[in-house]
2 protein chains.
Amino acid sequence: MRISELSERAGVSPASIKYYTREGLLPGGERTGYNQTEYDEGHVARLRLIRILIDAGGLSVSAAQRVLAAIDDEDLQLPSVFEAAQHAIPQREAPASAAARARVAALIEQRGWMVHGDNPGIELAGGILDAYTAIDRDDLAAVLPQYAEAADIVAAADLDALDASGSREAMAETVVVGTVLGDSLLAGLRRIAQQHQTYQRYIAPRSEQQS
Amino acid sequence: MRISELSERAGVSPASIKYYTREGLLPGGERTGYNQTEYDEGHVARLRLIRILIDAGGLSVSAAQRVLAAIDDEDLQLPSVFEAAQHAIPQREAPASAAARARVAALIEQRGWMVHGDNPGIELAGGILDAYTAIDRDDLAAVLPQYAEAADIVAAADLDALDASGSREAMAETVVVGTVLGDSLLAGLRRIAQQHQTYQRYIAPRSEQQS
């Protein structure tokens with residue numbers, strides 16, 4: 001198909017298509033004549049994936065380029081694809097304090113988790129513990145054990161989805177998309193569960209008393 | 001204390017202090033003379049909270065203003081404070097499709113969750129399901145039941161933290177800070193659990209075979 005059809009099918013402007021090609025996110029089409037390039041279904045699918053990573057996932061173009069390169073690199077083992085996806089997600093700028101990192105490390109030991117010291121989750125979780133400390137609310141860290149349990153359930157589901165993906169390319173896509181978007185899916189369900197449980201604890205008992 | 005000391009204690013510039021006061025995020029200090037204003041410990045604590053919401057939580061100044069108003073409004077019941085916090089967190093711009101909302105509604109019914117139809121989590125989770133559909137990866141939604149279970153564990157921890165907070169003001173702060181920052185804390189722990197479980201499933205079995 002021509003670039004105009006590709007643009008319409010994928011919902012991406014021709015200018016953006018050319019930009020993504022230049023930046024290495026999208027393979028070039030096949031030159032079939034002067035000023036004419038043919039694209040195929042693979043380009044449609046890749047463009048949709050690019051939009052998802054950038055629009056829904058909030059990745060920068062260069063971060064999206066890095067995770068797409070990890071999908072394309074067939075020599076890369078899955079743990080490395082995971083790592084690429086985890087590092088691509090926007091992180092906090094300020095590094096976590098040594099004290100906060102130590103608290104996360106203690107939790108990791110408690111749960112028997114086997115992870116590298118440079119796992120980006122340590123920095124991310126540590127930064128939040130620092131934020132709690134900064135407002136004198138270290139008590140909020142009491143949620144850690146339950147959050148860790150929930151994280152294990154979520155990670156198990158993530159790995160199940162990976163196992164069910166079939167081809168290596170689909171597995172790599174699962175890692176990238178699941179890692180980037182899974183946080184928001186979980187955040188959405190958390191809002192719903194919060195409202196339900198607030199109702200159960202604070203409102204339902206009161207209505208029962210009244211009836 | 002003078003504005004210069006407040007600025008140093010809270011790590012916020014005098015210009016920002018004046019800006020937050022004008023925008024209604026920070027109560028004004030006490031005028032003690034010509035061009036002189038006294039601030040107290042309450043101002044230090046509030047400024048730190050403002051920075052956490054904006055820097056770590058990614059809230060806009062107007063979103064931070066709304067959640068702080070919910071903390072300050074003593075007539076507001078806790079479920080309403082939750083709602084204010086949930087609505088303040090940056091959302092996706094595109095609304096979820098009716099089909100995706102129906103899938104989230106089916107999950108809500110399955111779990112017996114009692115929630116309002118306008119809970120922002122429905123929109124957020126629905127938008128992610130739409131993203132999966134857009135790249136022909138509806139199979140990724142297979143994680144929903146496990147994610148929902150994890151969300152319930154997290155929400156229960158959130159409510160426990162709330163119960164333990166003591167004063168109404170501390171409770172409201174717990175709701176706001178926990179809702180805004182809890183997503184990132186959970187995301188961090190998810191990265192760690194993912195790495196651990198990838199190791200368990202893909203790497204540890206192979207080393208055992210070799211030994």
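Biologist: At what angle do helix 4 and helix 5 of chain B pack, and how far apart are their axes?

Modeller: In this predicted model, helix 4 (residues 61-72) of chain B packs against helix 5 (residues 78-88) of chain B at about 175 degrees, with the axes 9 Å apart. Axes are lines fitted to C-alpha atoms, for helices over the stretch in contact, and angles run from 0 to 180 degrees between N-to-C directions. Helices (H or I, at least four residues) and strands (E, at least two) are DSSP runs, numbered from the N terminus.

Biologist: Roughly parallel or roughly antiparallel?

Modeller: That angle makes helix 4 of chain B roughly antiparallel to helix 5 of chain B. Under 35 degrees counts as roughly parallel, over 145 as roughly antiparallel, 65 to 115 as roughly perpendicular and the rest as oblique.

Biologist: Which residues meet there?

Modeller: From helix 4 of chain B come B:Ala63, B:Val67 and B:Ala70, which meet B:Val81, B:Ala84, B:Ala85 and B:Ala88 of helix 5 of chain B. Contact means heavy atoms within 4.5 Å.

Biologist: Turning to the two chains, how many residues are in contact?

Modeller: In chain A, 82 residues are in contact with 82 residues of chain B. The area buried between chain A and chain B is about 7900 Å², and carbon and sulfur atoms give 66% of it. Buried area is the accessible area (1.4 Å probe) that two parts lose on being put together, summed over both.

Biologist: Which residues of chain A lose the most area to chain B?

Modeller: Those are A:Tyr147, A:Leu185 and A:Arg191, together 9% of what that side buries.

Biologist: What are the ground rules for numbering and confidence?

Modeller: Residues are numbered from 1 along each chain as its sequence is written, and chains are lettered from A and ligands numbered from 1 in the order in which they are written. Local features need pLDDT of at least 70, side-chain atom pairs count only at pLDDT 80 or more, and totals for chains, interfaces and linings use all residues, while side-chain values use heavy atoms, with hydrogens and water left out.
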